[in-house]
Amino acid sequence: DLAERAIPEALRTPGPGWTDDDGIPGPDDDTCLRELLRRSVRVCGVGTSTDIADVHRLGSVTEPRARLERLLAELVEAGEVRRVTVQGWKGTAYADAAGLDALAAGELGGRSRTTLLSPFDSLVWHRGRTARLFDFDYRFEIFVPEAQRKWGYYVLPFLLGERLVARVDLKSERKDGI
């Protein structure tokens with residue numbers, strides 16, 4: 001379809017920001033970072049500022065913590081994100097306001113997931129957060145020397161409902177056909 005019919009005018013109108021080599025305008029950095037943080041909070045459900053920044057790997061020298069904290073504060077002020085206290089956690093945590101509202105309204109109950117998670121699933125890639133949320137120590141040991149492995153070469157976490165309950169070491173014994 002034509003851009004005029006598919007993309008709202010507000011998104012096609014150049015504003016402050018940047019333009020690419022073809023002169024196509026884009027949003028400013030704060031707008032981009034704010035959207036990444038908004039999405040990160042939604043994905044995490046609840047997390048510290050470090051957890052939230054880590055979803056898109058934003059915590060770095062190029063994106064100082066103070067800037068990310070300021071943008072998170074703007075999302076809180078806008079009502080999209082809420083500051084929350086999580087029992088057993090130090091400091092402030094952030095939660096998705098829409099998710100909290102849906103939970104309070106009983107709209108999130110009844111779903112159950114049972115699955116093996118990839119070692120690259122965002123639920124487990126930040127070890128500290130996984131330990132805080134699930135009291136579950138998980139480490140992808142594919143690059144750990146065999147003698148130092150605790151769980152196995154290609155161990156996957158097993159999600160049962162809302163809990164990580166086990167680790168499964170996938171292994172093939174080719175000579176035995178198992």
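Strands E6 and E7 run antiparallel and are joined by three bridges; strands here are DSSP E runs of at least two residues and helices are H or I runs of at least four, numbered from the N terminus, and two strands pair if DSSP finds at least two bridges between them. The model is a predicted one, in which local features need pLDDT of at least 70 and side-chain atom pairs count only at pLDDT 80 or more, while totals for chains, interfaces and linings use all residues. Residues are numbered from 1 along each chain as its sequence is written, and side-chain values use heavy atoms, with hydrogens and water left out.

Two residues sit between the strands in the E7 and E8 hairpin, where Gly161 takes a positive phi near 65 degrees. Arg167 turns up again on the side-chain level: its charged end sits over the ring of Phe136, 4.2 Å from the centre.

The structure has two aromatic pairs, where rings of Phe, Tyr and Trp (its six-membered ring) pair if their centres lie within 6.5 Å, and planes under 30 degrees apart count as stacked, over 60 as edge-to-face and the rest as tilted. Phe120 and Phe140 have ring centres 5.4 Å apart and planes at 75 degrees, so this pair is edge-to-face. It bridges distant parts of the chain, 20 residues apart: Phe120 is in the loop between strand E6 (114–116) and helix H7 (127–134), and Phe140 in the loop between H7 and strand E7 (155–160). Phe140 also pairs edge-to-face with Tyr154, at 5.4 Å centre to centre and 80 degrees between the planes. Put together, Phe120, Phe140 and Tyr154 make one aromatic cluster. As for accessibility (buried is under 20% relative accessible area, exposed over 50%, partly exposed in between, with a 1.4 Å probe and protein chains only), Phe120 is exposed at 56%, and Tyr154 is partly exposed at 28%.

Elsewhere, three strands form an open sheet in the order E3-E5-E4, with antiparallel pairing. Its edge strands, E3 (46–47) and E4 (81–84), each pair on one side only. E3 and E5 (residues 93–96) are paired over two bridges, with Gly47 opposite Tyr94 of E5. Helix H5 (residues 65–77) packs on this sheet and touches E4 and E5, contact meaning heavy atoms within 4.5 Å.

Tyr94 is also among the residues with the most contacts inside the largest nonpolar core, which has 13 residues; such a core is a set of buried Ala, Val, Leu, Ile, Met, Phe, Trp, Tyr and Cys residues joined through side-chain atoms within 4.5 Å. Helices H3 (29–44), H4 (49–55) and H5 are the elements that give two or more residues to this core, and H5 supplies the largest share, five residues. Leu68 touches Leu33, Leu37, Ala53, Leu58, Gly59 and Glu63, leaving aside residues up to four places away in sequence. Another core lies apart from this one, with nine residues, among them Tyr138, Phe140, Leu159 and Leu164.

Key. Lys NZ or Arg CZ within 6 Å of the ring centre and 35° of its normal. Axes fitted to C-alpha atoms, helices over the stretch in contact; angles between N-to-C directions.
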